[in-house]
Amino acid sequence: MGKNLKLKSFRAAKDMSQKDLAEATGVTRQTINAIENGDYNPSVNLCIAICKVLGKTLDQIFWEDEWNAKE
């Protein structure tokens, strides 16, 4: 799992810190940091919560652009 630069970019575009997004979704700042760094695979429920806060779809934030991105 690679870094989620899309999540970081959309969060920054909303002028939100990791802490702000964490509080809005009910997780810790460390969880948001781990997702952005590709160290944590969030649950579908957490993905949906993040999307709602950022006003984006699951595809926009979590879909990998290339199937072979992990290889």
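Lys 19 and Glu 23 sit four residues apart in helix H2, which is about one turn of the helix. Before you start: this is a predicted model, where local features need pLDDT of at least 70, side-chain atom pairs count only at pLDDT 80 or more, and totals for chains, interfaces and linings use all residues. Numbering runs from 1 along each chain as its sequence is written, and side-chain values use heavy atoms, with hydrogens and water left out.

**Exercise 1. Work out how Lys 19 and Glu 23 interact, and how open each one is.**

Step 1: An α-helix has 3.6 residues a turn, so residues three or four places apart point the same way.

Step 2: Check the atoms. Lys 19 and Glu 23 form a salt bridge, with the closest N and O atoms 3.9 Å apart. (A salt bridge is a side-chain nitrogen of Lys or Arg within 4 Å of a carboxyl oxygen of Asp or Glu.)

Step 3: Look at accessibility. Lys 19 is partly exposed at 49% relative accessibility, while Glu 23 is exposed at 55%. (Buried means under 20% relative accessible area, exposed over 50%, partly exposed in between, with a 1.4 Å probe and protein chains only.)

**Exercise 2. Find the buried face of H2 and its partners.**

Step 1: List the buried residues of H2: Gln 18, Leu 21, Ala 22 and Thr 25.

Step 2: View H2 down its axis. The buried residues fall within an arc of 100°, so they line one face of the helix. (The arc is that of the directions from the helix axis to the C-beta atoms.)

Step 3: See what they pack against: H1, H3 and H4. (Contact means heavy atoms within 4.5 Å; helices are DSSP runs of H or I, at least four residues, numbered from the N terminus.)

Step 4: Walk off the end of H2, and you meet Gly 26 with a positive phi near 80°.

**Exercise 3. Trace how H3 is covered and linked to H1.**

Step 1: In H3 (residues 29–36), pick out Ile 32, Ala 34, Ile 35 and Glu 36 as buried.

Step 2: Their cover includes H1 (5–13), H2 (18–25), H4 and H5 (58–62).

Step 3: Now for the charged pair. Glu 36 and Arg 11 meet side chain to side chain in a salt bridge of 2.6 Å, N to O. Glu 36 belongs to H3 and Arg 11 to H1, so the pair ties together parts 25 residues apart in sequence. Both Glu 36 and Arg 11 are buried.

**Exercise 4. Describe the surroundings of Asn 4.**

Step 1: With 11% relative accessibility, Asn 4 counts as buried.

Step 2: Follow its side chain. The side chain of Asn 4 reaches the backbone nitrogen of Leu 7 at 2.7 Å, and a side-chain oxygen comes to within 3.3 Å of the backbone nitrogen of Lys 6 at the start of H1.

Step 3: Set aside neighbours within four places in sequence. Asn 4 then contacts Ile 35, Glu 36, Ile 61 and Phe 62.

Conventions: Helix = DSSP H or I, 4+ residues; strand = E, 2+ residues; numbered from the N terminus. Polar contact = N/O pair within 3.5 Å; in protein donor to acceptor, adjacent residues only side chain to side chain.
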